[in-house]
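User: Could you take me through one part of this model, the place where the two chains meet? I'm new to this, so please join the pieces into one picture.

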Number of protein chains: 2
Amino acid sequence: MKPVSQLAEPWGSLPGRLRARGLRWTAQREAVVRVLASADGHLTGAEIVDRCRAIDRLTIPSTVYRTLDALEALGLVRHAHGADGREEYHVRPGGEHGHRYCANCGRHWDIDPDSPAGASIVGAFAAEGFVVDLSHVTVVGRCDDCD
Amino acid sequence: MKPVSQLAEPWGSLPGRLRARGLRWTAQREAVVRVLASADGHLTGAEIVDRCRAIDRLTIPSTVYRTLDALEALGLVRHAHGADGREEYHVRPGGEHGHRYCANCGRHWDIDPDSPAGASIVGAFAAEGFVVDLSHVTVVGRCDDCD
DNA sequence: ATTAATGCAAACGGTTTGCACTACT
DNA sequence: AGTAGTGCAAACCGTTTGCATTAAT
């Protein structure tokens, strides 16, 4: 398995950056980082816990959540709330984007800030003096396949 | 206290409409209906439980949630998920609308379908073949006061 | 040696369930 | 009498906490 140092940024340099802040690099954090690095999109907290458990059966949820808190403090992940109300972590390299869910089939898509829809949301609210945090935007409806 | 029959529609006629479906009108349901009728906007499940408890100290959560299920089946409320991930019930007469939350001050506003922002959300996704259910839309960001 | 991070267990909050009982129709 | 609805208690799920222990620095 590829060593962490060879993962794409911002993951490869993470151990060093943690240590630079007086924080520590541990096996448990490595597992979380591998999960995040291979996802590069969005995952619920529970999904991250599950995938870590696939790496190490003994993974403890609280350790995962504490690691996610630490990574969020470094700006490597952000968390929002999905359509089902669970914590949802956005992995940084995926860029800031919202989510669109089909209430019928459950599929979901990203809302990219550069897409027409994403831009029009941001723009429409900007006109009202409101700065939208697209990573917290969740839109639910029916996709064309389900209509 | 005003009898339920004198509440504004759709509440006033509710007992009869429940019975017409073979369902029943109970003191507990009356409490839930009074809470909803005096709210006419959106409430979390937990808020509804609390307000019912203010009417009847002995209110049981499961009864409230079961009543909300029944009312949802009649189309009197809809539920979505707020920024904090809790169940959020929209009371029908308020019309279908989304929610806009300020991540900083916690205030929230409705997104009206007729407002420029509401219309642009619905319109932008319609262009992608996606029918937005505005009552499930949650937008988080920073309001102009907090910027 | 210092102290960040872990494992564990327990609690949290909001919601849901099963089941015997109550009470509306 | 029939059965929808209730109260209760217990479980649920995802997440968070306190605390003694371990281990990275």
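Analyst: Let's begin with a term: buried area is the accessible area, found with a 1.4 Å probe, that two parts lose on being put together, summed over both. In this predicted model, chain B and chain A bury about 2400 Å² between them, and 62% of that area lies on carbon and sulfur atoms. On the chain B side, B:R100, B:F125 and B:F130 supply 23% of the area that chain B buries against chain A, more than any other three residues.

Now for who takes part. Chain B brings 31 residues to the contact, and chain A brings 30 residues.

One of the names above comes back when we turn to charges. B:R100 meets A:E128 in a salt bridge between their side chains, at 2.7 Å from N to O. The count between the two chains is two salt bridges. Polar contacts join in as well: nine residue pairs across the interface are in polar contact.

Which elements of chain B give two or more residues to the side that touches chain A? They are strand 4 (98-102), strand 5 (108-111), helix 5 (116-126), strand 6 (131-132) and strand 7 (138-142). Helix 5 of chain B gives the most, with six residues. By type, the residues on this side of chain B divide into 17 nonpolar, seven polar and seven charged.

Finally, look at the strands. Strand 6 of chain B pairs with strand 7 of chain A (residues 138-142) in the antiparallel sense, over two bridges. In this pairing, B:V131 is the bridge partner of A:R142.

Terms used: Residues numbered from 1 in each chain as written. Chains lettered and ligands numbered in written order. Predicted model: local features only at pLDDT ≥ 70, side-chain atom pairs only at ≥ 80, totals over all residues. Heavy atoms only, no water. Contact = heavy atoms within 4.5 Å. Salt bridge = Lys/Arg side-chain N within 4 Å of Asp/Glu carboxyl O. Polar contact = N/O pair within 3.5 Å; in protein donor to acceptor, adjacent residues only side chain to side chain. Helix = DSSP H or I, 4+ residues; strand = E, 2+ residues; numbered from the N terminus. Nonpolar A, V, L, I, M, F, W, Y, C, P; charged D, E, K, R; others polar. Pairing = 2+ DSSP bridges.
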